Amino acid sequence: MIDSIVFGHQWSTELSQSIFAEERRVRRWVGVIAALGRAQATLGIIPHAAADEISGLVDGEIDLAAVAAATRETSHSTLGLIQVMQSMLPAGMREYVYYGTTVQDITDTSMMIELAAVGSEAWVQLHQIELALIDLAAEHRSTPMLGRTHGQPGAPISFGFKVASWADEVGRSIARLADMRDRVLAVQFGGAVGALGFFGDQALGLRRAFAAEVGLPEPAVSWLTARDRIAEFATGLSIAVSSLARIANEVYSLQRREIGEVSEGSGDSVVGSITMPHKRNPESSEQIVVLARLVRSHAATLTDTMVQEHERDARGWKAEWAVFPELCHYALTAISLSKSLVDGLEVHAAAMRHNVETDPYASSEQLLRRWSPSLGKHRAQALLNEVYRTASEGDNDVAAALADVVKRDGTTSGLVVGDLTVVETGASEAMVDRVVAAAHARRKSGAPGWP
(Lines give C-alpha, C1' and ligand atoms only; values in the text may rest on other atoms or scores of the structure.)
Protein backbone atom coordinates (compact mmCIF):
# COMPACT_ATOMS: atom_id res chain seq x y z
CA MET A 1 0.00 0.00 0.00
CA ILE A 2 2.89 2.36 0.75
CA ASP A 3 4.13 2.16 -2.84
CA SER A 4 0.68 2.06 -4.44
CA ILE A 5 0.16 4.70 -7.13
CA VAL A 6 -3.56 4.71 -6.35
CA PHE A 7 -3.62 4.43 -2.54
CA GLY A 8 -0.11 5.40 -1.47
CA HIS A 9 -1.19 8.84 -0.19
CA GLN A 10 -3.19 7.13 2.56
CA TRP A 11 -0.21 5.13 3.81
CA SER A 12 2.79 7.42 3.31
CA THR A 13 3.68 11.08 2.91
CA GLU A 14 5.95 12.91 0.50
CA LEU A 15 8.48 13.27 3.30
CA SER A 16 8.38 9.61 4.34
CA GLN A 17 8.80 8.62 0.70
CA SER A 18 11.74 10.98 0.34
CA ILE A 19 13.39 9.42 3.39
CA PHE A 20 12.79 5.75 2.67
CA ALA A 21 12.65 5.48 -1.12
CA GLU A 22 15.23 2.87 -2.08
CA GLU A 23 17.41 5.19 -4.14
CA ARG A 24 17.50 7.68 -1.23
CA ARG A 25 18.36 4.95 1.27
CA VAL A 26 21.19 3.56 -0.86
CA ARG A 27 22.52 7.08 -1.42
CA ARG A 28 22.37 7.61 2.35
CA TRP A 29 24.50 4.49 2.84
CA VAL A 30 26.98 5.92 0.37
CA GLY A 31 26.94 9.17 2.35
CA VAL A 32 27.68 7.33 5.59
CA ILE A 33 30.54 5.39 3.96
CA ALA A 34 31.91 8.69 2.64
CA ALA A 35 31.62 10.30 6.09
CA LEU A 36 33.62 7.43 7.56
CA GLY A 37 36.25 7.92 4.89
CA ARG A 38 36.59 11.61 5.72
CA ALA A 39 36.91 10.80 9.44
CA GLN A 40 39.57 8.21 8.67
CA ALA A 41 41.47 10.70 6.52
CA THR A 42 41.57 13.25 9.37
CA LEU A 43 43.39 10.65 11.49
CA GLY A 44 45.71 9.58 8.67
CA ILE A 45 44.15 6.12 8.37
CA ILE A 46 43.41 6.55 4.66
CA PRO A 47 44.70 9.21 2.21
CA HIS A 48 42.76 12.46 1.94
CA ALA A 49 42.65 11.93 -1.79
CA ALA A 50 40.82 8.64 -1.28
CA ALA A 51 38.34 10.26 1.09
CA ASP A 52 37.68 13.00 -1.48
CA GLU A 53 37.12 10.48 -4.25
CA ILE A 54 34.72 8.45 -2.10
CA SER A 55 32.84 11.59 -1.07
CA GLY A 56 32.47 12.47 -4.74
CA LEU A 57 30.28 9.37 -5.18
CA VAL A 58 27.54 10.79 -2.94
CA ASP A 59 26.14 12.90 -5.77
CA GLY A 60 27.03 10.43 -8.51
CA GLU A 61 24.75 8.01 -10.33
CA ILE A 62 24.49 4.74 -8.41
CA ASP A 63 23.47 1.82 -10.61
CA LEU A 64 20.84 0.15 -8.40
CA ALA A 65 20.41 -2.74 -10.82
CA ALA A 66 24.14 -3.48 -10.58
CA VAL A 67 24.01 -3.22 -6.79
CA ALA A 68 21.07 -5.64 -6.72
CA ALA A 69 22.76 -8.14 -9.04
CA ALA A 70 25.99 -8.12 -7.02
CA THR A 71 24.04 -8.42 -3.75
CA ARG A 72 22.26 -11.54 -5.01
CA GLU A 73 25.51 -12.98 -6.33
CA THR A 74 27.51 -12.42 -3.15
CA SER A 75 24.62 -13.01 -0.71
CA HIS A 76 26.06 -10.18 1.40
CA SER A 77 24.07 -7.17 2.52
CA THR A 78 26.44 -4.45 1.37
CA LEU A 79 29.17 -6.09 -0.69
CA GLY A 80 27.21 -5.42 -3.87
CA LEU A 81 27.16 -1.70 -3.06
CA ILE A 82 30.85 -1.75 -2.18
CA GLN A 83 31.75 -3.38 -5.48
CA VAL A 84 29.71 -0.83 -7.46
CA MET A 85 31.34 2.02 -5.53
CA GLN A 86 34.78 0.55 -6.20
CA SER A 87 34.02 0.36 -9.91
CA MET A 88 33.36 4.12 -9.88
CA LEU A 89 36.71 4.98 -8.28
CA PRO A 90 40.28 5.21 -9.65
CA ALA A 91 42.14 1.92 -9.24
CA GLY A 92 44.43 3.21 -6.50
CA MET A 93 41.53 4.39 -4.33
CA ARG A 94 39.29 1.32 -4.38
CA GLU A 95 40.81 -0.43 -1.34
CA TYR A 96 39.83 2.47 0.93
CA VAL A 97 36.07 2.07 0.48
CA TYR A 98 34.41 0.56 3.57
CA TYR A 99 37.77 0.40 5.33
CA GLY A 100 37.62 -1.67 8.54
CA THR A 101 33.89 -1.28 9.04
CA THR A 102 30.85 -3.59 8.95
CA VAL A 103 27.31 -3.70 7.60
CA GLN A 104 25.81 -2.62 10.90
CA ASP A 105 28.05 0.42 11.20
CA ILE A 106 26.69 1.70 7.91
CA THR A 107 23.06 0.60 8.10
CA ASP A 108 22.50 1.44 11.79
CA THR A 109 24.04 4.88 11.36
CA SER A 110 21.90 5.42 8.27
CA MET A 111 18.81 4.31 10.20
CA MET A 112 19.67 6.82 12.93
CA ILE A 113 19.77 9.60 10.32
CA GLU A 114 16.35 8.44 9.15
CA LEU A 115 15.11 8.28 12.73
CA ALA A 116 16.26 11.85 13.32
CA ALA A 117 14.39 13.07 10.24
CA VAL A 118 11.20 11.25 11.23
CA GLY A 119 11.44 12.45 14.82
CA SER A 120 11.92 16.04 13.70
CA GLU A 121 8.88 15.97 11.41
CA ALA A 122 6.72 14.26 14.02
CA TRP A 123 7.78 16.78 16.68
CA VAL A 124 7.01 19.77 14.45
CA GLN A 125 3.61 18.50 13.33
CA LEU A 126 2.58 17.45 16.84
CA HIS A 127 3.40 20.99 17.97
CA GLN A 128 1.13 22.32 15.23
CA ILE A 129 -1.65 19.94 16.21
CA GLU A 130 -1.32 20.94 19.86
CA LEU A 131 -1.57 24.62 18.97
CA ALA A 132 -4.72 24.03 16.92
CA LEU A 133 -6.22 22.04 19.78
CA ILE A 134 -5.52 24.61 22.49
CA ASP A 135 -7.03 27.31 20.28
CA LEU A 136 -10.09 25.11 19.73
CA ALA A 137 -10.33 24.35 23.46
CA ALA A 138 -10.23 28.05 24.30
CA GLU A 139 -12.83 28.86 21.66
CA HIS A 140 -15.24 26.25 23.05
CA ARG A 141 -14.31 26.68 26.71
CA SER A 142 -17.98 27.12 27.63
CA THR A 143 -19.76 25.24 24.84
CA PRO A 144 -21.95 22.69 26.65
CA MET A 145 -22.33 19.12 25.46
CA LEU A 146 -23.13 15.72 26.87
CA GLY A 147 -20.30 13.82 28.43
CA ARG A 148 -20.57 10.12 27.67
CA THR A 149 -19.41 7.01 29.49
CA HIS A 150 -19.68 3.38 28.40
CA GLY A 151 -21.06 4.68 25.10
CA GLN A 152 -24.05 6.25 26.84
CA PRO A 153 -25.01 9.86 27.65
CA GLY A 154 -23.78 10.97 31.05
CA ALA A 155 -23.45 14.39 32.66
CA PRO A 156 -22.69 17.67 30.87
CA ILE A 157 -19.17 18.85 30.06
CA SER A 158 -17.93 21.56 27.76
CA PHE A 159 -16.56 20.72 24.33
CA GLY A 160 -13.51 22.75 25.30
CA PHE A 161 -12.93 20.30 28.16
CA LYS A 162 -12.93 17.36 25.72
CA VAL A 163 -10.52 19.14 23.38
CA ALA A 164 -8.29 20.19 26.31
CA SER A 165 -7.93 16.51 27.19
CA TRP A 166 -6.76 15.85 23.63
CA ALA A 167 -4.33 18.77 23.72
CA ASP A 168 -2.93 17.74 27.09
CA GLU A 169 -2.25 14.22 25.82
CA VAL A 170 -0.60 15.44 22.63
CA GLY A 171 1.54 17.72 24.81
CA ARG A 172 2.83 14.69 26.69
CA SER A 173 3.75 13.01 23.41
CA ILE A 174 5.72 16.10 22.43
CA ALA A 175 7.50 15.99 25.78
CA ARG A 176 8.30 12.29 25.36
CA LEU A 177 9.84 12.86 21.96
CA ALA A 178 11.92 15.74 23.26
CA ASP A 179 13.00 13.76 26.31
CA MET A 180 14.07 10.68 24.37
CA ARG A 181 16.02 12.48 21.66
CA ASP A 182 19.41 12.41 23.39
CA ARG A 183 18.89 8.80 24.48
CA VAL A 184 17.91 7.34 21.13
CA LEU A 185 20.19 9.19 18.72
CA ALA A 186 23.67 7.70 18.42
CA VAL A 187 26.14 6.87 15.70
CA GLN A 188 26.97 3.18 15.26
CA PHE A 189 30.62 2.26 14.86
CA GLY A 190 31.78 -1.02 16.33
CA GLY A 191 33.55 -3.00 13.65
CA ALA A 192 33.64 -6.77 13.83
CA VAL A 193 32.29 -7.38 17.35
CA GLY A 194 31.87 -3.85 18.66
CA ALA A 195 35.39 -3.46 20.10
CA LEU A 196 36.84 -1.63 17.04
CA GLY A 197 39.93 -3.84 17.15
CA PHE A 198 40.80 -3.07 13.53
CA PHE A 199 41.77 0.51 14.43
CA GLY A 200 43.95 -0.08 17.50
CA ASP A 201 44.53 2.97 19.68
CA GLN A 202 42.87 5.24 17.09
CA ALA A 203 39.49 3.53 17.56
CA LEU A 204 37.70 5.95 19.87
CA GLY A 205 39.16 9.04 18.21
CA LEU A 206 37.91 7.73 14.89
CA ARG A 207 34.44 7.04 16.28
CA ARG A 208 34.30 10.58 17.65
CA ALA A 209 35.35 12.02 14.27
CA PHE A 210 32.85 9.79 12.44
CA ALA A 211 30.03 10.93 14.74
CA ALA A 212 30.90 14.55 14.00
CA GLU A 213 30.91 13.90 10.26
CA VAL A 214 27.41 12.39 10.23
CA GLY A 215 26.01 14.79 12.85
CA LEU A 216 25.03 12.21 15.46
CA PRO A 217 26.01 11.86 19.13
CA GLU A 218 28.78 9.42 20.01
CA PRO A 219 27.65 6.57 22.32
CA ALA A 220 29.68 5.39 25.29
CA VAL A 221 29.78 1.85 23.94
CA SER A 222 28.93 0.11 20.67
CA TRP A 223 25.28 -0.99 20.57
CA LEU A 224 25.26 -3.78 17.98
CA THR A 225 22.77 -5.93 19.90
CA ALA A 226 21.41 -3.26 22.26
CA ARG A 227 18.30 -2.22 20.31
CA ASP A 228 16.45 -0.29 23.01
CA ARG A 229 17.01 2.98 21.17
CA ILE A 230 14.94 1.79 18.22
CA ALA A 231 12.33 0.24 20.48
CA GLU A 232 11.96 3.41 22.58
CA PHE A 233 11.53 5.60 19.53
CA ALA A 234 8.99 3.21 18.02
CA THR A 235 7.09 3.07 21.29
CA GLY A 236 7.10 6.86 21.59
CA LEU A 237 5.69 7.20 18.08
CA SER A 238 3.16 4.50 18.85
CA ILE A 239 1.91 6.38 21.91
CA ALA A 240 1.76 9.67 20.00
CA VAL A 241 -0.16 8.18 17.09
CA SER A 242 -2.49 6.29 19.43
CA SER A 243 -3.30 9.60 21.14
CA LEU A 244 -4.23 10.99 17.73
CA ALA A 245 -6.30 7.88 17.04
CA ARG A 246 -8.28 8.62 20.22
CA ILE A 247 -9.17 12.01 18.74
CA ALA A 248 -10.04 10.44 15.38
CA ASN A 249 -12.13 7.78 17.05
CA GLU A 250 -14.09 10.45 18.90
CA VAL A 251 -14.70 12.39 15.69
CA TYR A 252 -15.83 9.13 14.06
CA SER A 253 -18.39 8.61 16.85
CA LEU A 254 -19.61 12.20 17.23
CA GLN A 255 -20.09 12.58 13.47
CA ARG A 256 -22.92 10.04 13.52
CA ARG A 257 -26.07 11.76 12.26
CA GLU A 258 -28.00 10.78 15.40
CA ILE A 259 -25.37 12.73 17.41
CA GLY A 260 -24.11 15.23 14.82
CA GLU A 261 -21.85 17.26 17.11
CA VAL A 262 -18.72 17.44 14.93
CA SER A 263 -17.81 16.67 11.33
CA GLU A 264 -14.65 16.19 9.34
CA GLY A 265 -13.96 19.01 6.94
CA SER A 266 -14.97 17.90 3.47
CA GLY A 267 -14.44 19.38 0.01
CA ASP A 268 -17.16 19.54 -2.62
CA SER A 269 -15.53 16.77 -4.66
CA VAL A 270 -15.44 14.25 -1.78
CA VAL A 271 -17.91 11.37 -2.19
CA GLY A 272 -19.09 9.52 0.90
CA SER A 273 -20.90 6.64 -0.75
CA ILE A 274 -21.52 5.60 -4.35
CA THR A 275 -24.88 4.02 -3.47
CA MET A 276 -26.07 6.32 -0.65
CA PRO A 277 -25.57 9.92 -1.83
CA HIS A 278 -26.52 11.43 1.53
CA LYS A 279 -23.54 9.92 3.33
CA ARG A 280 -20.54 11.89 4.49
CA ASN A 281 -18.13 9.31 5.80
CA PRO A 282 -15.35 10.07 8.33
CA GLU A 283 -12.64 8.76 5.99
CA SER A 284 -9.67 10.48 7.62
CA SER A 285 -10.71 9.44 11.12
CA GLU A 286 -11.04 5.84 10.01
CA GLN A 287 -7.63 5.86 8.33
CA ILE A 288 -5.91 7.38 11.37
CA VAL A 289 -7.27 4.57 13.55
CA VAL A 290 -6.10 1.96 11.01
CA LEU A 291 -2.61 3.46 10.81
CA ALA A 292 -2.34 3.63 14.60
CA ARG A 293 -3.11 -0.07 14.84
CA LEU A 294 -0.32 -0.84 12.40
CA VAL A 295 2.12 1.44 14.23
CA ARG A 296 1.38 -0.29 17.55
CA SER A 297 1.88 -3.69 15.92
CA HIS A 298 5.20 -2.66 14.40
CA ALA A 299 6.34 -1.09 17.66
CA ALA A 300 5.71 -4.42 19.38
CA THR A 301 7.87 -6.17 16.78
CA LEU A 302 10.68 -3.65 17.27
CA THR A 303 10.49 -4.21 21.02
CA ASP A 304 10.73 -7.95 20.39
CA THR A 305 13.96 -7.42 18.42
CA MET A 306 15.64 -6.20 21.61
CA VAL A 307 16.23 -9.83 22.56
CA GLN A 308 19.43 -10.64 20.63
CA GLU A 309 22.37 -12.95 21.06
CA HIS A 310 26.03 -12.15 21.72
CA GLU A 311 27.59 -9.22 19.81
CA ARG A 312 25.69 -9.49 16.52
CA ASP A 313 22.42 -11.20 15.72
CA ALA A 314 20.86 -10.56 12.32
CA ARG A 315 17.68 -12.39 13.32
CA GLY A 316 16.57 -9.33 15.24
CA TRP A 317 18.54 -6.59 13.54
CA LYS A 318 17.41 -7.36 9.98
CA ALA A 319 13.76 -7.46 11.05
CA GLU A 320 14.17 -3.72 11.67
CA TRP A 321 15.00 -3.20 7.98
CA ALA A 322 11.44 -4.22 7.09
CA VAL A 323 9.49 -2.96 10.09
CA PHE A 324 11.10 0.38 10.96
CA PRO A 325 10.47 2.13 7.60
CA GLU A 326 6.88 0.92 7.52
CA LEU A 327 6.25 2.15 11.06
CA CYS A 328 7.63 5.56 10.12
CA HIS A 329 5.53 5.75 6.94
CA TYR A 330 2.37 4.94 8.88
CA ALA A 331 3.18 7.22 11.81
CA LEU A 332 3.98 10.27 9.69
CA THR A 333 0.85 9.69 7.62
CA ALA A 334 -1.33 9.41 10.72
CA ILE A 335 0.18 12.61 12.11
CA SER A 336 -0.32 14.45 8.81
CA LEU A 337 -3.93 13.28 8.51
CA SER A 338 -4.56 14.27 12.14
CA LYS A 339 -3.28 17.77 11.50
CA SER A 340 -5.68 18.13 8.58
CA LEU A 341 -8.49 16.64 10.66
CA VAL A 342 -8.00 19.05 13.55
CA ASP A 343 -7.44 22.07 11.29
CA GLY A 344 -10.63 21.40 9.35
CA LEU A 345 -12.85 20.10 12.16
CA GLU A 346 -16.40 21.44 11.97
CA VAL A 347 -17.96 21.96 15.41
CA HIS A 348 -21.75 21.97 15.61
CA ALA A 349 -22.27 23.82 18.89
CA ALA A 350 -26.03 24.11 18.39
CA ALA A 351 -26.32 20.33 18.11
CA MET A 352 -24.25 19.91 21.26
CA ARG A 353 -26.51 22.27 23.19
CA HIS A 354 -29.64 20.64 21.78
CA ASN A 355 -28.46 17.16 22.75
CA VAL A 356 -27.69 18.13 26.32
CA GLU A 357 -30.77 20.28 26.84
CA THR A 358 -33.19 17.68 25.49
CA ASP A 359 -31.73 14.78 27.45
CA PRO A 360 -34.05 14.36 30.45
CA TYR A 361 -31.36 12.60 32.45
CA ALA A 362 -28.47 15.04 32.00
CA SER A 363 -29.09 16.70 35.40
CA SER A 364 -28.89 13.48 37.46
CA GLU A 365 -25.42 14.18 38.87
CA GLN A 366 -26.48 17.64 40.01
CA LEU A 367 -29.61 16.24 41.68
CA LEU A 368 -27.41 13.70 43.45
CA ARG A 369 -25.19 16.55 44.62
CA ARG A 370 -28.17 18.48 46.01
CA TRP A 371 -29.75 15.53 47.80
CA SER A 372 -26.64 13.88 49.24
CA PRO A 373 -26.09 16.30 52.19
CA SER A 374 -29.57 15.57 53.56
CA LEU A 375 -30.11 11.94 52.64
CA GLY A 376 -26.58 10.64 52.41
CA LYS A 377 -24.98 9.94 49.09
CA HIS A 378 -25.95 6.26 48.82
CA ARG A 379 -29.56 6.76 49.95
CA ALA A 380 -29.91 9.64 47.48
CA GLN A 381 -28.42 7.54 44.70
CA ALA A 382 -30.87 4.70 45.36
CA LEU A 383 -33.88 7.01 45.29
CA LEU A 384 -32.73 8.79 42.15
CA ASN A 385 -32.02 5.47 40.47
CA GLU A 386 -35.67 4.60 41.11
CA VAL A 387 -36.74 7.98 39.71
CA TYR A 388 -34.87 7.55 36.45
CA ARG A 389 -35.89 3.92 36.06
CA THR A 390 -39.53 4.90 36.49
CA ALA A 391 -39.15 7.75 34.02
CA SER A 392 -37.45 5.57 31.41
CA GLU A 393 -40.18 2.93 31.68
CA GLY A 394 -42.83 5.58 31.17
CA ASP A 395 -42.76 8.79 29.19
CA ASN A 396 -39.33 10.07 30.34
CA ASP A 397 -41.04 12.68 32.53
CA VAL A 398 -38.31 13.00 35.16
CA ALA A 399 -40.04 15.88 36.97
CA ALA A 400 -43.21 13.81 37.47
CA ALA A 401 -41.19 10.80 38.65
CA LEU A 402 -39.33 13.01 41.12
CA ALA A 403 -42.59 14.45 42.46
CA ASP A 404 -43.97 10.94 42.90
CA VAL A 405 -40.94 9.78 44.90
CA VAL A 406 -41.03 12.87 47.10
CA LYS A 407 -44.72 12.33 47.72
CA ARG A 408 -44.29 8.65 48.62
CA ASP A 409 -41.12 8.96 50.72
CA GLY A 410 -41.40 11.32 53.63
CA THR A 411 -37.62 11.48 54.10
CA THR A 412 -37.38 13.48 50.90
CA SER A 413 -39.81 16.16 52.02
CA GLY A 414 -38.40 19.63 51.50
CA LEU A 415 -35.54 18.46 49.30
CA VAL A 416 -34.44 20.88 46.60
CA VAL A 417 -35.10 19.65 43.09
CA GLY A 418 -34.09 22.81 41.28
CA ASP A 419 -34.36 23.62 37.61
CA LEU A 420 -33.71 20.41 35.67
CA THR A 421 -33.06 22.36 32.46
CA VAL A 422 -30.01 24.21 33.83
CA VAL A 423 -26.82 22.84 32.27
CA GLU A 424 -23.89 22.71 34.66
CA THR A 425 -20.47 21.60 33.36
CA GLY A 426 -18.61 21.35 36.66
CA ALA A 427 -14.96 22.40 36.56
CA SER A 428 -14.70 22.00 32.78
CA GLU A 429 -13.87 25.64 32.13
CA ALA A 430 -11.25 25.84 34.87
CA MET A 431 -9.46 22.77 33.53
CA VAL A 432 -9.52 24.17 30.00
CA ASP A 433 -7.83 27.31 31.33
CA ARG A 434 -5.12 25.24 33.03
CA VAL A 435 -4.32 23.18 29.94
CA VAL A 436 -4.22 26.23 27.66
CA ALA A 437 -2.03 28.19 30.08
CA ALA A 438 0.39 25.28 30.56
CA ALA A 439 0.73 24.73 26.81
CA HIS A 440 1.43 28.39 26.14
CA ALA A 441 3.94 28.53 29.02
CA ARG A 442 5.78 25.50 27.64
CA ARG A 443 5.99 27.10 24.21
CA LYS A 444 7.34 30.35 25.62
CA SER A 445 9.99 28.48 27.60
CA GLY A 446 11.60 27.24 24.37
CA ALA A 447 11.56 23.56 25.29
CA PRO A 448 14.11 21.56 23.29
CA GLY A 449 12.96 19.91 20.10
CA TRP A 450 14.51 17.71 17.45
CA PRO A 451 17.38 18.58 15.09
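Trainee: How should I read accessibility, for example at Arg207: is this residue buried or exposed?
Mentor: The general idea is a scale of relative accessible area: buried means under 20%, exposed over 50%, and partly exposed in between, with a 1.4 Å probe and protein chains only. Arg207 has 5% relative accessibility and therefore counts as buried. Please note that this is a predicted model, in which local features need pLDDT of at least 70 and side-chain atom pairs count only at pLDDT 80 or more, while totals for chains, interfaces and linings use all residues. Residues are numbered from 1 along each chain as its sequence is written, and side-chain values use heavy atoms, without hydrogens and water.

Trainee: With which residue does Arg207 meet in a salt bridge?
Mentor: Side chains of opposite charge can pair when their charged atoms come close. A salt bridge is a side-chain nitrogen of Lys or Arg within 4 Å of a carboxyl oxygen of Asp or Glu. Here the partner of Arg207 is Glu218, at 3.0 Å from N to O. Glu218 lies in the loop between α8 and α9 (228-254) and Arg207 in helix α8, so this pair ties together parts 11 residues apart in sequence. Helices are DSSP runs (H or I, at least four residues), numbered from the N terminus. Glu218 itself, at 32% relative accessibility, is partly exposed.

Trainee: How many salt bridges are found in the whole structure?
Mentor: The search finds 24 of them. One of these joins Glu213 to Arg38, whose closest N and O atoms are 2.8 Å apart. Because Glu213 belongs to helix α8 (residues 203-214) and Arg38 to helix α2, the pair ties together parts 175 residues apart in sequence. Glu213 is partly exposed at 34%, and Arg38 is partly exposed at 27%.

Trainee: Where do Lys339 and Asp343 lie?
Mentor: Both are in helix α11, four residues apart, which is about one turn of the helix. Lys339 and Asp343 form a salt bridge, with 2.8 Å between the closest N and O atoms. Lys339 has 22% relative accessibility and is partly exposed; Asp343, at 48%, is partly exposed as well.

Trainee: Which residues are linked in a network of salt bridges?
Mentor: Arg25, Arg28 and Glu114 are linked in this way.

Trainee: Is Asp52 buried or exposed?
Mentor: Asp52 has a relative accessible area of 55%, so this residue is exposed. Asp52 is found in helix α3 (residues 48-55). The C-alpha atom of Asp52 is separated by 65 Å from that of Arg148, a residue 96 positions apart along the chain.

Definitions and conventions
Helices (H or I, at least four residues) and strands (E, at least two) are DSSP runs, numbered from the N terminus.
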